[in-house]
Amino acid sequence: MVDDIKVGRNEPCPCGSGRKYKKCCLSKKGINLGKKRELSTDKFRIQLKNKDDVQGIREAGALTLEALDLAEVHLKPGIKTADIDKLIHEFIVKNNAIPAPLNYKGYPKSICVSINEVICHGIPGKRIIHEGDIVNIDITTILNGYYADASKTFFVGKPGPDAKKIVSVARECLKRGISMVQPGNTVGDIGWAIQTYAEGEGCSVVREFVGHGVGFKFHEPPQIPHYGKKGDGVKLVPGMVFTIEPMINLGERDLNILDDNWTAITSDGSLSAQFEQTLLVTDNGCESMTHYTL
């Protein structure tokens with residue numbers, strides 16, 4: 001990470017005072033704004049990551065991707081969602097890591113498996129995966145105290161036209177969101193890019209669930225909505241680590257939560273898809289800590 005950051009005269013001062021830069025530290029000599037940039041995130045409680053933290057998250061991300069690849073290999077018609085959960089749980093534990101979702105706020109399983117109309121937080125159980133389903137698998141691992149989070153939506157067998165469309169749109173939404181991640185841009189820029197594309201394709205963006213800071217904990221500030229306006233929200237600075245994980249519905253954006261208090265489904269029964277990666281804001285752009293080709 002470089003120590004120098006550029007701040008506009010009318011932007012909030014990086015010292016954290018809440019005043020504009022021109023009326024605060026602009027005229028002061030010997031002020032290293034790079035050293036002070038963490039203070040600019042204090043009111044948002046954002047914890048920036050240093051070089052060692054980044055490496056730790058990178059390693060957790062590599063394990064998360066291995067787990068996703070393993071799940072994909074075994075994802076076939078006739079398998080129960082609980083079988084996928086068991087497979088991934090054993091793999092993560094075998095590699096001296098912890099599945100972050102297990103017992104998180106009472107969540108009973110190690111991964112989330114969300115099929116067709118399930119938007120997110122599908123609890124693995126007796127549900128059987130069928131030919132033509134789309135299945136999102138969401139995995140978060142804790143390795144040596146660091147968290148990394150990723151998900152993909154997979155086709156099982158031959159997909160129908162609706163399945164092809166929603167998965168394609170969701171994938172492109174993540175790609176466009178990631179393209180907005182660079183120092184000086186804002187959280188609103190990410191949401192704008194995703195919402196503009198999704199709605200332009202006749203799909204909708206779920207509002208109730210958002211991306212989030214990650215690394216030291218499962219969920220940290222800042223929140224990353226997948227809708228918004230250009231220039232709105234927290235400004236991105238090097239050292240931020242967060243997920244982008246747009247949940248895109250083929251129909252309306254409304255949802256219902258089932259009686260298990262976790263599983264979210266589309267209110268109109270339409271298909272929903274999601275792709276997620278963990279991103280680091282670098283000096284020149286971003287690095288995916290859970291990179292896979294989109």
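This is a predicted model: local features need pLDDT of at least 70, side-chain atom pairs count only at pLDDT 80 or more; totals for chains, interfaces and linings use all residues.
In helix α3, the buried residues are Thr81, Ile84, Asp85, Ile88, Phe91 and Ile92. Viewed down the axis of α3, those buried residues fall within an arc of 135°, so they line one face of the helix.

α3 runs over residues 81-94, which is 14 residues. From first C-alpha to last, α3 reaches 20 Å, close to the 20 Å expected at 1.5 Å a residue. The cover over its buried residues includes α2 (51-74), β1 (98-99), β2 (112-115) and β4 (134-143). After α3 comes Asn96, with a positive phi near 60°.

Next, α5, residues 187-200. This helix has 14 residues and reaches 20 Å between its end C-alphas, again close to the 20 Å expected. How much of α5 is buried? Mostly covered is the answer: 10 of its 14 residues are buried. Among them are Val187, Asp189, Ile190, Gln195 and Tyr197. Elements covering the buried residues of α5 include α4 (161-179), β6 (204-205), β8 (220-224), β9 (241-244) and β10 (247-249). Just after α5, Gly202 has a positive phi of about 80°.

Between β10 and β13, the antiparallel pairing covers three bridges. Met247 is opposite Gln274 in β13.

Technical notes: Residues are numbered from 1 along each chain as its sequence is written. Side-chain values use heavy atoms; hydrogens and water are left out. Helices (H or I, at least four residues) and strands (E, at least two) are DSSP runs, numbered from the N terminus. The expected span of a helix is 1.5 Å times one less than its number of residues. Buried means under 20% relative accessible area, exposed over 50%, partly exposed in between (1.4 Å probe, protein chains only). Contact means heavy atoms within 4.5 Å. Two strands pair if DSSP finds at least two bridges between them. The arc is that of the directions from the helix axis to the C-beta atoms.
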